[in-house]
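Reader: I would like to learn how to read a structural model, one feature at a time. Please give me the general idea first and then the case at hand.

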Amino acid sequence: MNYWLKELQVALYSLSKRPSFAAVVILTLSITLGAFITMVTLNYTVLLKPLPYPQQERLFVVEGERYDNGKFLGAGVHSYAGAVDAYKNNDKFSQSALLHYEELQVSNLAGIPKVFTTFTTSELFNLLGAQMAVGRYFDKNEGLDTNVPVAVISYDLWQKDFNGRADILAQKIEIGQVGYKIIGVLSEQFVEPALHMQGRQTQIWLPFDFNSRDEQTRRNWIAGFFELKLVGKLATGVTPAQAQQYLSARINERFVQEAKAFPWGQNVSTKAKLKTFEEVIIGDSRSTSLMMLGAVFALLLIACANISNLFLSRAAEKQRQYAIQATLGAQKHHIFRGIFIESFILTLTATVIGLVLSHFSFSFIRKYADGHLPRLEELSINYIVVLFSIFISFLIASVFGFIISNLIDYKALNNVLRVSGKGSGLQISAKTRSVLIISQVALAGVLLTINFSFFKSSLQVIEQPSGFKTENIYWVSVDSSGQQFNRDERIAFIDHLTSELDNMSGVNKVSNAIYPPLITNNWTSILTKDAARAGEKVLPNVNLVDEKYLSTFDIPLVMGRDFKAEEIRNSEKVMLVNETVANSFGGAESVLGKNLYWDDKEDPYKVIGIVKDVYVPRAGEVPQMFTGRTSSLSFMISVSPNANLSKIELNKMLRQINRNLRVGEYINVEQAYRSLLSRDIAIATITSILSLLTLLLAGMGIYGVLSYSVNLRTYELGVRMALGGSPKILSKLVVFDCSKPVVLGLIVSVSFIFGLYFLANGYYELEVAFSYLALILAFFSILLVSLVSCFIPMSKVVYNKPIRALK
């Protein structure tokens with residue numbers, strides 16, 4: 001023990017004499033280790049960490065799939081009646097629950113906020129093993145068909161909106177015309193399973209009976225809803241295949257009966273597909289998280305290769321110390337121990353700093369990856385992460401100690417003292433130097449190519465023109481607080497609201513429509529060309545609009561004309577379709593002026609215009625149809641560039657019309673579009689940072705090795721210069737010699753890149769981002785860095801007087 005303490009004191013003293021060396025090693029490792037710890041923690045959470053629910057392997061989500069003549073139409077939807085029937089009549093699950101996801105305004109909270117609300121049956125919380133901070137969750141007396149207005153709220157809502165008040169169980173939540181008594185607050189540690197969308201955190205849980213679906217929808221076996229989920233715990237002895245077969249048969253039997261009443265429903269069917277909670281929550285995030293881990297691991301390897309070079313240089317400096325130790329009887333393992341302790345001090349210090357950086361990086365990931373990666377709220381520095389980090393620190397120090405001690409010629413150390421260090425200095429062999437350069441160049445080439453490919457792909461998405469105006473437009477919906485209108489009264493009310501909105505200061509144009517062009521998955525329908533619905537079917541996204549919609553968003557027409565005001569006012573059977581729909585039916589000329597049959601409507605709709613496709617990030621080609629008119633209190637409001645349409649002003653205007661009116665949706669279309677780009681912005685940002693770090697670390701490493709190689713040839717170059725060698729010729733000679741390991745590293749990099757690409761695309765059938773331009777840029781960057789790294793030390797020799805090199 002005393003020997004180890006003595007070694008520790010010696011190592012600390014030695015490092016204190018070289019603060020710049022220690023600082024460079026710690027800084028380099030702390031950044032790369034911090035990133036590596038972050039990615040390892042992310043991948044552990046996503047891939048290995050058990051879900052925080054009891055018997056997670058028995059928890060399943062039942063998803064609906066739709067087929068037409070055996071052709072797959074879509075997945076993830078349930079009809080309301082079908083889901084309720086499966087919930088009530090199912091002995092394959094020991095427990096099951098229904099969920100309906102919504103976003104509703106709470107009228108008795110400050111600012112009347114719109115919060116994520118989930119309607120569920122009483123079994124859910126027990127199924128998830130939920131713990132309560134205060135009170136209780138729903139019981140069977142508050143289950144389906146009981147209509148008991150109670151609420152469970154999140155811990156976050158309790159703290160922020162109720163200030164953590166102790167009498168929370170005496171409070172109510174008012175939504176619409178109903179007051180819900182709060183009966184419980186979920187524990188702060190409760191983790192909601194992301195079964196609907198990533199990043200969505202329910203703040204209020206209400207009984208399933210109170211969801212917003214009307215009675216007609218609740219009896220409907222056909223219409224499907226993504227917001228509706230059926231979950232359950234598989235009964236003992238029942239396999240997923242048995243449960244899936246039973247549920248498919250039960251749901252499909254009634255679905256087929258109901259669908260035959262419609263012309264389009266003669267050959268349609270539905271199936272139930274069981275997915276584990278883990279499958280639904282994790283989704284396709286595995287490849288993303290593993291790819292980020294691989295990129296950071298490559299960066300760590302480059303950093304380690306760089307630091308190995310620094311340690312080799314330091315070993316050369318300490319040759320006399322090692323020689324004295326050898327003369328006094330020190331064995332090779334004693335030298336290893338000294339190098340290891342010095343390395344471990346540096347790596348452990350870097351690890352501590354890396355853990356701190358990792359802790360702060362979790363906030364960055366939650367901000368920019370929220371909605372794209374699962375379980376981000378579970379990221380934290382725990383004892384497992386700390387122990388793993390210490391192990392990595394120990395491993396890296398051991399590798400450094402092993403490499404350096406084995407490169408030292410122990411038998412030659414005695415000669416160092418015998419000749420006073422002249423001519424027998426410890427040198428890094430040419431082979432070792434080549435291996436260091438090849439490894440750094442190969443790793444940097446692979447990492448830069450991948451980063452540049454992803455950067456290029458994301459940049460294309462970011463810079464792709466949307467095809468519609470987003471600036472200075474707001475999407476505003478009005479909550480009428482349950483007021484009942486017949487259709488004529490509602491349309492008159494909409495016209496009045498449109499007029500009042502149009503008269504507001506700074507407003508240029510108001511269009512009454514369900515949603516803006518960036519919403520592409522709210523309402524999908526069926527279009528066919530023949531009345532029998534037997535021919536080609538297209539499933540477009542439907543939007544009910546008015547005659548001002550296209551001009552509000554500056555969406556151009558390819559052919560035909562826009563709606564006329566009287567066509568909207570009279571709800572005439574005319575429609576617009578976009579280019580994708582037209583192409584599905586043979587092109588614009590084949591559709592314009594022709595009739596299309598929409599859903600189960602008996603009369604056809606005449607196509608009066610072809611609208612140019614708009615671009616929605618990552619959505620691909622989206623078929624869209626437009627017709628009028630909507631009875632929705634939803635408006636697209638275009639304002640002047642310097643105008644500020646505030647929610648406060650809108651609410652003030654609405655209260656002047658009717659004190660029960662208030663703003664529901666209030667969305668800046670430009671900000672909403674930017675949020676769709678958030679994933680690509682995050683990817684572009686991360687890949688840019690990784691690329692800069694890669695170039696920096698690889699450049700430092702390559703410079704260190706090449707500088708050392710050039711310095712070893714100083715005397716030789718001086719002799720050549722004295723014999724008449726010109727700087728130009730000597731520069732070519734040095735660059736040629738230095739470029740050999742660089743070129744070899746690039747060849748290794750190319751081989752690995754293409755091998756990885758063909759393996760991913762051919763064997764695993766994964767779509768991997770790859771660009772030849774990215775490959776060329778990566779290699780050009782490495783060559784430029786290598787050239788600069790070679791030229792700087794070389795210029796100090798060949799462009800000076802020979803006498804300096806010969807000293």
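**Cysteines**

Author: The count of disulfides here comes to zero, where a disulfide is a pair of cysteine sulfur atoms within 2.5 Å. In general, a disulfide is a covalent bond between the sulfur atoms of two cysteines. This is a predicted model, in which local features need pLDDT of at least 70 and side-chain atom pairs count only at pLDDT 80 or more, while totals for chains, interfaces and linings use all residues. Residues are numbered from 1 along each chain as its sequence is written, and side-chain values use heavy atoms, with hydrogens and water left out.

Reader: What pLDDT does the protein average?

Author: pLDDT is the predictor's confidence in each residue, from 0 to 100. The average for the protein is 87, and 92% of the residues score at least 70. Over residues 421-425, however, the pLDDT is below 50, and this stretch has seven contacts in the model beyond near neighbours in sequence. Contact means heavy atoms within 4.5 Å.

Reader: How many helices and strands does the protein have?

Author: Helices (H or I, at least four residues) and strands (E, at least two) are DSSP runs, numbered from the N terminus. The protein has 26 helices and 25 strands. Its C-alpha trace spans about 105 × 60 × 55 Å along the principal axes. Of the 807 residues, 49% are buried. Among contacts between residues at least 6 apart in sequence, 80% join residues at least 24 apart.

Reader: Which residues is Gln440 in contact with, leaving aside its neighbours within four places in sequence?

Author: Gln440 sits in helix α14 (residues 430-463). With those neighbours set aside, its contacts are Ile302, Ala305, Asn306, Leu697, Ala698, Gly701, Ile702 and Val705. Gln440 counts as buried because its relative accessibility is 0%.

Reader: Is Ser638 buried or exposed?

Author: Ser638 is buried, with a relative accessible area of 6%. Its place is in strand β24 (residues 634-639). Leaving aside neighbours within four places in sequence, Ser638 has contacts that include Lys469, Asn472, Gly506, Asn508 and Thr552.

Reader: What volume does the second largest pocket have?

Author: On a 1 Å grid over the protein atoms alone, a cavity is a set of points where a 1.4 Å probe fits but cannot get out; a pocket is an open set with protein on both sides within 12 Å along at least five of seven lines, and lining residues have an atom within 4 Å of a point. Grid points are joined across faces, edges and corners, and a volume is the space filled by probe spheres set on the points. The second largest pocket has a volume of about 770 Å³. Its lining has 33 residues, with Asp156, Glu188, Phe190, Gln201 and Glu377 nearest the centre. Helix α5 (residues 155-161) supplies the largest share of this lining, four residues.

Reader: How many cavities of 30 Å³ or more are there?

Author: The count is four. The largest cavity has a volume of about 70 Å³. Its lining has 13 residues, of which Val77, His78, Ser79, Ile251 and Thr270 lie nearest the centre.

Key
Buried < 20%, exposed > 50% of the residue type's maximum accessible area, 1.4 Å probe, protein only.
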